[in-house]
Amino acid sequence: MLGGIFSFHSSWMNKQNPYTEKPLPLECISLNFREFQFAQAMLFAIEEINNSTELLPGVSLGYHIYDSCGSIARSVKVALDLTNGNDNVSSISEGPCTRPVQVQALMGETSSSPSTAIATVIGPFHIPLISHFATCACLSDESKYPSFLRTVPSDYYQSRALAHLVKHFGWTWVGAVRTNDDYGNNGMATFTETAQQLGICLEYSVSFFRTDPKEKIQKIIDIIKASTSNVIIAFLSHMDMDVLIRELSPHNLTGYQWVGSESWIFDSQIAAMDKNHILDGAIGLSISKSQVSGLREFMLDVRPLKSSNNGLFREFWEALFSCKFKQSQSEKIQGECTGHEDLTGVENGFTDMSLMPIFNNVYKGVYAVAHALHNILGCNKTCIYQNKLDPYLVLQHIKMIHFQTRDGDVVYFNKHGDPAAKYEIINWQPGEKTSVNFVTVGLYDASLTEDKQPKFLNKSLIWAGKSEMVPVSVCSEQCPPGTQKLLQKGKPVCCHDCIRCAEGEMSNITDSITCVRCPPESWSNERRDACIKKEAEFLSYKDIMGILLTTVSLFGTSLTAAVAFIFFRYRKTPLVRANNSELSFLLLLSLTLCFLCSLTFIGQPSEWSCMLRHTAFGITFVLCLSCVLGKTMVVLMAFKATLPGENLMKWFGPTQQRLSVLGFTLIQIVICILWLTLSPPFPIKNFKEYKDKIILECALGSAVGFWSVLGYIGFLAMLCFVFAFLARKLPDNFNEAKFITFSMLIFCTVWITFIPAYVSSPGKYSVAVEIFAILASSFGLLICIFIPKCYIMLLRPENNTKKNMMGKMPQRPF
């Protein structure tokens, strides 16, 4: 014997109990043709099994079917009636308190909340409850509902599938309406959790139950009207969707994109009720389509069920044909029911076969019990099991069944009592006249990985308002590459502003939550959507500044060479011989090297150029200043030697002059060697000076070494200046000391100015400042010391005589 629990009525009359008398039985209202179809599917399966010679031979299945009215309390009551038997046993009866279970399994309930209540009550007795449409994920908990099984997938998969479906179309700002029961609340909880992981936000999430007052439903309608989201997730049972559509009809709420759960998305009765096309273009998940051969013909042949004593059948028949049975023989009524009316050509909820997948679930549930009984009873040609059937044994065998139906469906249950989760993606598309076509546009198979979900077929979709364009439902527009999302205060994460990335940062994806800093050698482009390699900057021979400095350096070298040529040509004249020609030529050589060493500062820095430029500069300038110092000392010693009793020139002859120059230069060479040995200059990439450029420059290595080189040069320059200043008014007719004094003034001025300019100049300009200082000081020495002599040798040869050199009277300025 099998039990069946179906909600032949979808609601009941609410009555206030005064608790002064025994409450009256529940008064059921709103006849539900769908549940009659489910019951017919159960009867069809039982009849087919009873007529089979292969399944349960020699055993007949019977049934008891009850109406639960959609009420949880009534569902529990009828479940207990089915398991205990509906006999009224007195509490003072002397019979045993326990009795065998009256049914081997229960089929039902359609909804999750009644199924939860029934499974809680009968679970401890291990009586199998097989539901065809209770999808709440909560029912997969074996510890709470050990005897519950179902032939419909769990909402755990459907809720996640709906979230992925919403994400697929780019809807990140949606509203949600749910049934206020286990089905709606648990399903929406899973959807919300998955949606948050996918970056989807709910603008609102409201619930109601079909027995709620109209005022509550009106509040929901007001929330929908005030919302900014264009997509509504409807996790509703078909009975609650009936109520919602009825209440929405007077309001102009078209244009919203509805996303539905399997409970109503392929229900033709819901579509028929939508007279104002509120649900046009709806999309959602449905159970995979299936067929049960012969079921339609069986359903349309209901006359064998006719019984004048069956009040429920009479009510069903009257609603089916809009007629009325006579209550007495004398009664005369119009539109009398005969019980022989023909369903051929009748179009109503009962003749609609669009819910065939659910009918198939009922069919598979009955067959699951039959296969389990077949295995328990050891059936071959007949069933010979002699003991009483234990509910626990039946439950365990049902969990282990694995068979294929006549139409090819494979039936089995996983460890949670659930079947495999596979869905079709349904789109409501306009049909002929006012009808709606439920078009399968995609598939969702929970056994596949998420990156392969959902899978769409090559079919066009119709959206809300019969549009072919995918509707947009976002709180804020997408942030393009080059920007980052900044959340709006007090609003969900889907509401944001798009902020342009800062300099040196980029984002190359849409809706980036942060900008990525470019590597040190790169910089963001103008659009801030890519990092481009920074331009390397150094003082190049191709730069205008580099060309000018190179030209000036080569000009100085050429001018020095010309002066050396003039001095070589006039080397035997008194003017050249009187000014220590050997030191003069050595000074000209050192000046040539000074001009040329400036060229080492131009070009891309390398390890060798960095070490060469500073050491060459330091040594050549010391050589130059040593020569100048030697010439100054010669002037002073020459004057001192003319004084009575003084014989200093013997201590400052040519050999001593050479040794002094060599000694002063060797000191600088030692400083440079120590510098290069301990911490030499090296090339670096300077990222700090400019944001969008790389400065290629030479690091000093040891700052002490660099400033020691400069300090030693400054010391020699100051020494030259002091000696030259002391000798500037000596009574020689052509005193070289005054020109050296002036050249040292220029030299010291240039290098004192150089220090702050060098420190404050950025990048390649610091190199240019150093080159300028080298060239300016070199030109100062060349012009002040040698040009006056060249002027006399070339333009005033009459003054280039020994007599004139020895004269005491000052000469006319040149």
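This briefing describes selected helices, strands and backbone features of the structure above.

The model is predicted, and local features are reported only at pLDDT of at least 70, side-chain atom pairs only at pLDDT 80 or more, while totals for chains, interfaces and linings use all residues. Residues are numbered from 1 along each chain as its sequence is written, and side-chain values use heavy atoms, with hydrogens and water left out. Helices (H or I, at least four residues) and strands (E, at least two) are DSSP runs numbered from the N terminus. Buried means under 20% relative accessible area, exposed over 50%, and partly exposed in between, with a 1.4 Å probe and protein chains only.

**Helix H5**

- The buried residues of H5 are Tyr183, Gly184, Gly187, Met188, Thr190, Phe191, Thr194 and Ala195. Viewed down the axis of H5, these buried residues fall within an arc of 160°, so they line one face of the helix. The arc is that of the directions from the helix axis to the C-beta atoms.
- An α-helix has 3.6 residues a turn, so residues three or four places apart point the same way.
- On the other side of H5, Gln196 and Gln197 are exposed.
- The cover over the buried residues of H5 includes helix H3 (112-122), helix H4 (155-168), strand E8 (173-179), strand E9 (201-208) and strand E10 (231-235); contact here means heavy atoms within 4.5 Å.
- At the N-terminal end, Asp181 caps H5, with a side-chain oxygen 3.2 Å from the backbone nitrogen of Tyr183. A polar contact is a pair of N or O atoms within 3.5 Å; within protein, one must be able to donate a hydrogen and the other to accept it, and residues adjacent in sequence count only if both atoms are side-chain atoms.
- Gly199, which follows H5, has a positive phi near 80°.

**The sheet E24-E26-E25**

- An open sheet of 3 strands has the order E24-E26-E25, with mixed pairing; two strands pair if DSSP finds at least two bridges between them.
- Strand E24 (535-537) and strand E25 (682-686) stand at the edges with a single partner strand each, so one side of each is left without a neighbour in the sheet.
- Between E25 and strand E26 (residues 693-699), 5 bridges form in the antiparallel sense. Pro683 stands opposite Cys698 in E26.

**Strand E12**

- Strand E12 (residues 283-287) is mostly covered, with 5 of its 5 residues buried.
- On one side of E12 the buried residues are Ile283, Leu285 and Ile287, and on the other they are Gly284 and Ser286.
- E12 and strand E11 (residues 257-260) run parallel and are joined by 2 bridges. The bridge partner of Gly260 in E12 is Gly284.

**Backbone features**

- The peptide bond from Gly108 to Glu109 is cis, with omega near -10°. Glu109 lies in the loop between strand E5 (105-107) and H3.
- Ser30, in strand E3 (residues 28-31), has a positive phi of about 60° although it is not a glycine. Ser30 is partly exposed, with a relative accessible area of 39%.
- Asp511, a residue other than glycine, has a positive phi near 60°. Asp511 is placed in the loop between strand E20 (505-506) and strand E21 (516-517) and is partly exposed, with a relative accessible area of 24%.
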